[in-house]
Amino acid sequence: GGRAQRRRRQAEESLRPYIGRVEPKLCELLKCYSPVGSWCQVVQENGVLVPKCVCPQSCPRQRAPVCSVLGKTYGNECLLHKEACRKKRHTGLAHTGPCLQKAKCTEEELGQFPYRLLDWFLLVSRMGESYAPAALAQSCLSHAQRTQLAQQRFTLLDKNKDGKLSRRDLRKLHYKRMPLEHCATPFFSCDYNRNRKVTLREWTTCLVDRSETWFYHFM
């Protein structure tokens, strides 16, 4: 689309001073938006090293497993991008190595998970702020403050700003940000009306109400 093309032109413009000079670093400076699913490869054009976003046509056989943000293991990163290009979708890398096999989430752990997730959101929201020893712990937050925290995170996760989170959005949060969390998948069944989308109201009910239910029952 037009936005992807503009991003690509801006990225290429910012790279111009480095072209042909620092080959190992070139692809670290270029983020690929177009073609959809592509990855960066350094190629030679007229004797000059240039980074390009390309769709792999073939991939090496060596095994170097990677896990995508959607929770699927690929034999190597090239294969991840080859499939992403074929399906015309952006599929990021969550981590190197195969996707992790997680332990079964117990009922008690599942009940506690919303509270732990809100705790993590609170920590992330404060990253980069100056040290404040008087900052409130989650246990001291009011219902309104917890709701505001959940809503802020929803807004950040809602990339296309349609007021809903898709299963894909939630899987990205799971595998990219917390791949070791074994209670994320069962918890993210917040889609109460089963329309494959989670609204802000469903998200808040799922996260804040369940968190407070666990807190007041066990603490």
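Analyst: Lys 72 is partly exposed, its relative accessible area being 37%. In this predicted model, the residue forms a salt bridge with Glu 83, and the closest N and O atoms of the pair are 3.0 Å apart. Lys 72 belongs to the loop between E3 and E4, whereas Glu 83 belongs to helix H3 (residues 77–87), so the contact ties together parts that are eleven residues apart in sequence. Glu 83 is buried, with a relative accessible area of 14%.

Glu 83 also forms a salt bridge with Arg 86, where the closest N and O atoms are 3.8 Å apart. These two residues are three residues apart in helix H3, which places about one helical turn between them. An α-helix has 3.6 residues a turn, so residues three or four places apart point the same way. Arg 86 is exposed, at a relative accessible area of 59%. Together with Lys 87, the residues Lys 72, Glu 83 and Arg 86 are linked in a network of salt bridges.

Strand E3 (residues 66–68) is joined to E4 by two bridges; Val 66 has Tyr 74 as its bridge partner in E4.

In total, the model contains six salt bridges. One of them joins Glu 212 to Arg 146, with the closest N and O atoms 3.3 Å apart. Glu 212 lies in helix H8 and Arg 146 in helix H5, so this pair ties together parts that are 66 residues apart in sequence. Glu 212 counts as buried, at 11% relative accessibility, and Arg 146 likewise counts as buried, at 1%.

Helix H8 comprises residues 200–218; at 1.5 Å a residue its 19 residues should span 27 Å, which agrees with the 27 Å between its end C-alpha atoms. Besides Glu 212, the buried residues of H8 include Trp 203, Leu 207, Trp 214 and Phe 215. The buried residues of H8 pack against several elements, among them helix H4 (107–126), helix H5 (143–157) and helix H6 (167–177). An unreviewed UniProt entry carries the annotation "domain: EF-hand" for residues 145–180, and over that range the chain is 67% helix and 8% strand.

Conventions
Residues are numbered from 1 along each chain as its sequence is written. This is a predicted model: local features need pLDDT of at least 70, side-chain atom pairs count only at pLDDT 80 or more; totals for chains, interfaces and linings use all residues. Side-chain values use heavy atoms; hydrogens and water are left out. UniProt positions are given in the numbering used here, feature names are shortened, and annotations may be inferred rather than shown by experiment. Helices (H or I, at least four residues) and strands (E, at least two) are DSSP runs, numbered from the N terminus. The expected span of a helix is 1.5 Å times one less than its number of residues. Buried means under 20% relative accessible area, exposed over 50%, partly exposed in between (1.4 Å probe, protein chains only). Contact means heavy atoms within 4.5 Å. Two strands pair if DSSP finds at least two bridges between them. A salt bridge is a side-chain nitrogen of Lys or Arg within 4 Å of a carboxyl oxygen of Asp or Glu.
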